[in-house]
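Q: Hi! Could you walk me through how the pieces of this one pack together?

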Amino acid sequence: MRDTWPRLKQIAFPPIRRGRLDTLQVNIGYRCNQSCVHCHVNAGPNRSEEMSGEVIDTVLAFLARRRLPTLDITGGAPELNPHFRRLVSAARAMGVRVMDRCNLTVLEAAGQEDLAQALEDDYKRVLRERYGIVFNRLYALANMPIQRFGAILIANGEFDRYLDLLQRAHLDANLDQVMCRNLISVDWRGYIYDCDFNQMLDLPLKHDARERLRLSDLLEAEMEGRPIRVGGHCYGCTAGQGSSCGGALKEAADSAL
């Protein structure tokens, strides 16, 4: 698979620094029941990497010690990790808001049926009541020019055009709202990155002279004001209305009008 980082690192991006940490994002495994062409993780049924029970315990200890309000769980299909339910239950017992980045199709897999209880009904109700949107099936996708999706862009000769589109749509107003200012990303081994996208590019978070840090190294560390590693892919979060793991950056877009 073609590595897109040699191209992305040549593209300048405005420097940004960390704000106050409020979200711990954990990628608990790259195994998935699908192999989507748009996937920036290169996840699939043949991937075997998954977070161990020991690292899960460290995640829970970090949440308790830092009193973070939000746990963002991603994958692969996070539900396929055998410790998924324990992690969710323990975090919610602490009063932590838990987000599960579910591809929805995994809910039809054997043993996962109960996870979907009333989920689609809730989507339909909220979208109908708040926005007047009615749908039969919901598909939510987010693309970044890295891993499988980036390789496909290169293979089709569309990589440079796609990056140019993102750069031309960049808004400085989005810089204050990008997710990496208030989030750290943890991979299945427990190593730390500024965001999930940097994790997929193997760009570890820089905090001291060490090449890599584990989550356990940051239990007491102060990260506010530290620089964030950036590259051309970061325009995927600041183009247009902006984008993050939580959706469009509406506040920043409104302030630019």
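A: Happy to! The axes of helix H2 (residues 53-66) and helix H3 (residues 84-93) come within 11 Å and cross at roughly 15 degrees. Axes are lines fitted to C-alpha atoms, for helices over the stretch in contact, with angles from 0 to 180 degrees between N-to-C directions. Helices (H or I, at least four residues) and strands (E, at least two) are DSSP runs, numbered from the N terminus. That crossing makes H2 roughly parallel to H3 (angles under 35 degrees count as roughly parallel).

Q: Thanks. What should I know about the model and the numbering?

A: This is a predicted model, where local features need pLDDT of at least 70, side-chain atom pairs count only at pLDDT 80 or more, and totals for chains, interfaces and linings use all residues. Residues are numbered from 1 along each chain as its sequence is written, and side-chain values use heavy atoms, leaving out hydrogens and water.

Q: Which residues in H2 meet H3?

A: Gly-53, Ile-56, Asp-57, Val-59, Leu-60 and Leu-63 do, against Arg-86, Leu-87, Ala-90 and Ala-91 in H3. Contact here means heavy atoms within 4.5 Å.

Q: Switching to the sheet: what's the strand order?

A: The five strands go S3-S2-S1-S4-S5 in an open sheet with mixed pairing (two strands pair if DSSP finds at least two bridges between them). The edge strands are S3 (97-100) and S5 (192-193), each pairing on one side only.

Q: And where does H2 sit on it?

A: H2 packs on the sheet, touching S1, S2 and strand S4 (183-186), and its direction makes about 175 degrees with that of S1. H3 lies across S1, S2 and S3, at about 170 degrees to S2.

Q: How many bridges join S1 to S2?

A: Five, and the two strands run parallel. In S2, Thr-74 is the bridge partner of Asn-27.

Conventions:
Parallel < 35°, antiparallel > 145°, perpendicular 65-115°, else oblique.
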